Amino acid sequence: MTKQRRSVPGVHPYDGPAGGWGALKATAIAVRTQMDNLTAPATLLRTNQPDGFDCPGCAWPDKEKNSTFQFCENGAKAVTWEATSKRVTPEFLAANTVTSLLQKSDFELEGYGRLTHPLVYNKETDTLQPVEWETAFSRIAEILQNVDSPDEVEFYTSGRASNEAAYLFQLFAREFGTNNFPDCSNMCHEATSVGLPQSIGIGKGTVSLDDFDDTELIISIGHNPGTNHPRMMGTLHEVARRNVPIIVFNPLRERALERFADPQNVIEMATYTSTNIASTYYQVKAGGDAAALKGIMKALLELNASKGNLLDNDFIAEHTQGFEVFAADMASTSWDDIEKESGLTRESLTQVATLYAKSKATIVTYGMGVTQHNKGTANVRLIADLLLLRGNFGKPGAGICPLRGHSNVQGNRTVGITEKPSAAFLENLEKVFGFVPPKEHGHDAVKAMEAMAEGRSKALICLGGNFAVALPDPEKCFPAMKALDLSVHVGTKLNRSHLLVAKETYVFPCLGRTELDLQASGRQAITVEDSMSMVHASSGKLKPASEFLLSEPDIVGRMAKATIPHTKVPWMELVADYSIIRDLIEKTIPGFDKYNERIAIPGGFRMPLPPTERKWPTPTGKAIFSVFDGVTEDLVVEGEDVLRMITLRSHDQYNTTIYALDDRYRGVFGRRDILFMSDTDLEKRGLEHGDLVDIETAVQGSKLRLENITVIAYNISEGSVGAYYPEANVLIPLDYIDKESGTPSYKSLPVRVVKHAVTA
C-alpha cells in the first residue's frame, strides 16, 4: 500500500519526461517574459551557429549544423535572460538603496534587467550612481597604485569570459605583479585540473562527439545533464536509441537520466513518447563515489583472476606505471567497507564490472557530483584508473569526459587564468611583452576569500561572476567583501556580490554574448573553448542594451592602461582589434597555431590532447595509476544521526543565476526552501513529508545552521539529503575543502537534521 502523504504547497510529482512539450512551453514562457517577440526567434536561431554567438548556457560542444535549431530549453533561458528588454536605470538605482537591494534574492535582482551605466557606490546616499568611465578608471588606478603589494589584489574570473578578455585580464594582473587568480573553476572542476594531470598528464577530457558514435558503454557519474549541461541530452538520446548501455551512478533519481523526449524528434513529439536514457541506475550514497569506483575495479580484478584476459595487459605494460601497488590496494580493500560506504551491493558493482569487461570502448562522464568533495581529486584519479585498466584512452569511442558548466571555463584556464602558472608560460610572456611576471603562486578562490577575511587582501576585481554568493560560508565571506578598500565588478546584471560594497565599489556594465561588439577595426568576434577542447568563434548581432556599455576586453584594457604607468602592453591596439590579441595568444601558448585562420572555419579547431594519441605528458612519460587509501572521505564527524548533504541546482537555474522558482523535474514549484530526504531517513528521525526542520553542520568547530526548511520525501539514496545551492551554502565552512585542489565540499557535507521547534 502506498503511504498517504500530506499535501505540501508547491510540491507535487512531475510525471513527464525531460525535454518534450514541457521544454518547449518553458522556452516560450522565457521568451514572452524577457524579450521582444519579434527579435527573439532570430536571436535564438543564431545560437551556436557559424556566424552567430556561443550559447552561455553550458560547455557542451556543437554538433554538425544539421538541425533546425542549436539551443535547448535552458540555453534559451540563458539567451533571453541576457537579451531581456528590462533595464536597471539610474532612476531605479537612485530610488533603491544598496541596503534595501541587498535584502532581495539574486533571482529578484537579476530579474530587474540589464545594467545600463557604469556605477560607483555613494556612501552618503547608500546608492549606486552613474560615473564616467575615465573617472572610474582613474580612481581605480590610484587605489591600486597605492597598495603595499600587488599580492593584496585579487583578480577573479567567471567562466563566461572569452579567451580574449581572459588573456588580457591575466596580462593585466601579471604586469601589475600578482598571480592571484581565484576563478570559478576553483569551485567546480579544479579537482579535474589537478587530478587528471597526475594521471594522464593533462587536465582536460579526451573524448570528442564522434566518440559517442563509436562507444559501446557509457558510465555516467555524479551529474544531471538535463539541467547543468542540457545540450548533452541530444547526444545521450542518440546513444540510448542505439541500445548502447548507459550506467548511471547518482544519489538522486534525475528525470533527464531516466526519460527524455527530444523536441527535435517529430515522432516523439507527435506521439508524446520518450526514450529511456539509463539502462541501469545505481543510487550511490553521497560521498560514496570512491567506494563505488573501487568496488567496480576490485570486482574486475577478481573476475580477471578467475577468467583471465579482461584487462588490457599490453596497454598497462607499455603505457602505465604503478599498477602493482594499485592492484594490491584493491585486494586489501574489504567488500564490507565498500558496500557500507557506497550504499551499493557487491553484486551490483560486479554486474557493472562484467558489463565493463565486455565493452571494447567505454566513456566515463562525470560532473560536480564527483569533484565537489573533500576527496574530489582522488575521485577523478579513480575514474582515470578505471579507464586505464582496459586501455580506454587513445582509441575511438573511449575516454574520460569531465562535464564543465560555464561555456568557457576551460578556455580561461588554457589562456592563463591560473594561480599556478607554468615556468614556460611565464617565460613566453616575458619574451613577448618585455616585463618580468611574478613567479610565486597566487590565491585560488578559497585562499583569496580567506586573505580578504584576514585583511591581507585589500582589493578585488571581478571579471563577471557572483563571487561571494558562489563561495560557501556567507557568514565569513560577506563581511570580508565589505571590509575591502576596493571592489570592482564587471557584469551584465546586478547580483548580491555587487551590493556587498567595499569602501569604494564600482559596477561596470559590459556587452553580452548576444550583442554587437564594434571596435575601431570593425565588428569583433571572440572565441571560447568547449568541454571537448574545441575552440570556435562567437559574434553577437543585437543592438547593445545601452550606449554606455563597453566590451569586457575594452574594460580590462582601459583599466590596465590607467593602472600601469609604464606598461609594456599596447592595450588600446589590442582592444581595437581582437585578432591582435589572438596573435599574442598564439605566440605565448602552445596549440594556438594559425589561431585567426583556423577560427574562420565553421566549428573552429581542437586543442592538442596528447592522451588521445597515447602520449602522456607526465614526469615519467606514462599514465600513472593512483592509490586511494580506504574508501571514505574525511567526514570529520561520524554518528548514526549524521547525514551527507548535497547542494543542488534547480532546473530553472544556472549556477547562482536563477531564472524562475520552479524545479519542474523534481516536482517543486514556486519555492526553494526544500530539503530532499528518503522515506527511510524520514522515518528514522520521526519526521514526515512536509515537516519543518533545521539543518546543522556536523563539522567539528562549526555551528552553522539553516532553519525553517520544509523536508520532503524523495527518491534519494539512504543517508543522503539534498538542498538548493546557493541557499544551502550557509552550512558549508569555507575551509571544508579538498586539500589537493582547494575545491569546497558542496556535495558531501556532514549534517544533522532536527525538527524545527515552533516557539509561541
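At what angle do the axes of helix H15 and helix H19 cross?

Analyst: Happy to take you there. One thing to keep in mind is that this is a predicted model. Two packed helices are described by the angle between their axes and the distance between the axes. Here, helix H15 covers residues 289-307 and helix H19 covers residues 346-358; their axes cross at roughly 65 degrees and come within 8 Å. As for handedness, H15 and H19 make a right-handed crossing.

Now look at the residues that meet. On the H15 side, the contact is made by Ala292, Gly295, Ile296, Ala299, Leu300, Glu302 and Leu303. Facing them from H19 are Arg346, Leu349, Thr350, Val352, Ala353, Thr354, Tyr356 and Ala357. Sorted by class, the contact between H15 and H19 holds 10 nonpolar residues, three polar ones and two charged ones.

With the helix pair in view, let's turn to the spaces in the model. The whole structure has five cavities of 30 Å³ or more. The second largest cavity holds about 400 Å³ of space. It is lined by 30 residues, and the closest to its centre are Gly222, His223, Asn228, Gly369 and Lys747. Helix H11 (225-228), helix H20 (368-371), strand E24 (643-648) and strand E25 (653-654) each give at least two residues to this lining. The largest share, three residues, comes from E24. By class, the lining of the second largest cavity has 16 polar, eight nonpolar and six charged residues.

At least two lining residues come from each of helix H9 (190-200), helix H22 (409-414) and helix H23 (423-433). The lining of this pocket divides into 13 nonpolar, 12 polar and five charged residues.

Finally, here is a stop at a sheet. Three strands, in the order E20-E21-E22, form an open sheet with antiparallel pairing. Strand E20 (526-529) and strand E22 (605-606) are the edge strands, each pairing on one side only. Strand E21 spans residues 534-538 and pairs with E22 over two bridges.

Conventions: Residues are numbered from 1 along each chain as its sequence is written. This is a predicted model: local features need pLDDT of at least 70, side-chain atom pairs count only at pLDDT 80 or more; totals for chains, interfaces and linings use all residues. Side-chain values use heavy atoms; hydrogens and water are left out. Two strands pair if DSSP finds at least two bridges between them. Helices (H or I, at least four residues) and strands (E, at least two) are DSSP runs, numbered from the N terminus. On a 1 Å grid over the protein atoms alone, a cavity is a set of points where a 1.4 Å probe fits but cannot get out, and a pocket is an open set with protein on both sides within 12 Å along at least five of seven lines; lining residues have an atom within 4 Å of a point. Grid points are joined across faces, edges and corners, and a volume is the space filled by probe spheres set on the points. Ala, Val, Leu, Ile, Met, Phe, Trp, Tyr, Cys and Pro count as nonpolar, Asp, Glu, Lys and Arg as charged, and the others, Gly among them, as polar. Axes are lines fitted to C-alpha atoms, for helices over the stretch in contact, and angles run from 0 to 180 degrees between N-to-C directions. A crossing is left-handed if the near helix is turned anticlockwise from the far one by less than a right angle, and right-handed if clockwise. Contact means heavy atoms within 4.5 Å.
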